[in-house]
Each structure stands twice: as C-alpha cells, then as structure tokens.
Amino acid sequence: MKMKGNILVVKDDKLLLLANNRYYIVYGQGHVGEDIEFDPDQALQMPSYLFAIAAMEEENLDDTLDFIKSKWFKDGEKK
C-alpha cells in the first residue's frame, strides 16, 4: 500500500517526508515541497522531527542505528 508524503528535507540520497502527521526517511530523489508516493514498508519511521533531522545528517544511518540499538537494547529488552 502506497502513501503520499511531502518532502521536508533532501540530503544526498535521503528524503525526509511528512505523511499522515508522521515523519519518514526514504531513499530517493526529489525536491523540498514536492509530494511523492512511497511504500511505508520500505521507509524508516521516525519518532520525532528532531530525531529525523539528526538521522538525516548521519552519513551511514544503518550503522548508527545498529550502534544505538547495541548500546540501549539487549535481546529486544532495554538494558
């Protein structure tokens, strides 16, 4: 199921979208202010706007999120 979102920030090949009052990061190309369709299953939902802006600045988002998870969680439970 596709969703429609508005591009808030473009950084390299990452787009920060606002869709249904939630923030998502997707890989792709576009321009600020443009509305695009995306697959939410292929997007990374962000818990807040500030977290999303910080995540957009990370060069390797996957490694950063893995690092955070390894420091805060063990076997799915908070340390």
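N20 is found in the loop between β2 and β3 (22-27); helices (H or I, at least four residues) and strands (E, at least two) here are DSSP runs, numbered from the N terminus. What sets its backbone apart is a phi near 55°, a positive value in a residue other than glycine. D12 also has a positive phi, about 55°, although D12 is not a glycine, and D12 sits in the loop between β1 and β2 (14-19).

A quick word on the source: this is a predicted model, where local features need pLDDT of at least 70 and side-chain atom pairs count only at pLDDT 80 or more, while totals for chains, interfaces and linings use all residues. Residues are numbered from 1 along each chain as its sequence is written, and side-chain values use heavy atoms, with hydrogens and water left out.

| Residue | Relative accessible area | Class |
|---|---|---|
| D12 | 61% | exposed |
| N20 | 60% | exposed |
| K11 | 27% | partly exposed |

Now for the charges. Lys and Arg count as positive and Asp and Glu as negative, with His and the chain ends not counted. A salt bridge is a side-chain nitrogen of Lys or Arg within 4 Å of a carboxyl oxygen of Asp or Glu, and the count comes to 1. That one joins the side chains of E57 and K11, at 3.5 Å from N to O. E57 lies in helix α1 (residues 49-57) and K11 in strand β1 (residues 3-11), so the pair ties together parts that are 46 residues apart in sequence.

K14, in strand β2, is another story. K14 is buried yet has no salt bridge, and the nearest side chain of opposite charge, D12, is 6.0 Å away. A polar atom of the K14 side chain does lie 3.5 Å from the backbone oxygen of A55. Leaving out residues up to four places away in sequence, K14 touches V9, I25, V26, Y27, G28, A55, M56 and E58, where contact means heavy atoms within 4.5 Å.

Zooming out, the protein chain has 2 helices and 7 strands, running β-β-β-β-β-α-α-β-β from the N terminus on. The C-alpha trace spans about 40 × 25 × 20 Å along its principal axes. Of the 79 residues, 25% are buried. Among contacts with a separation of 6 or more, 41% come from residues 24 or more positions apart.

Terms used: Buried < 20%, exposed > 50% of the residue type's maximum accessible area, 1.4 Å probe, protein only. Polar contact = N/O pair within 3.5 Å; in protein donor to acceptor, adjacent residues only side chain to side chain.
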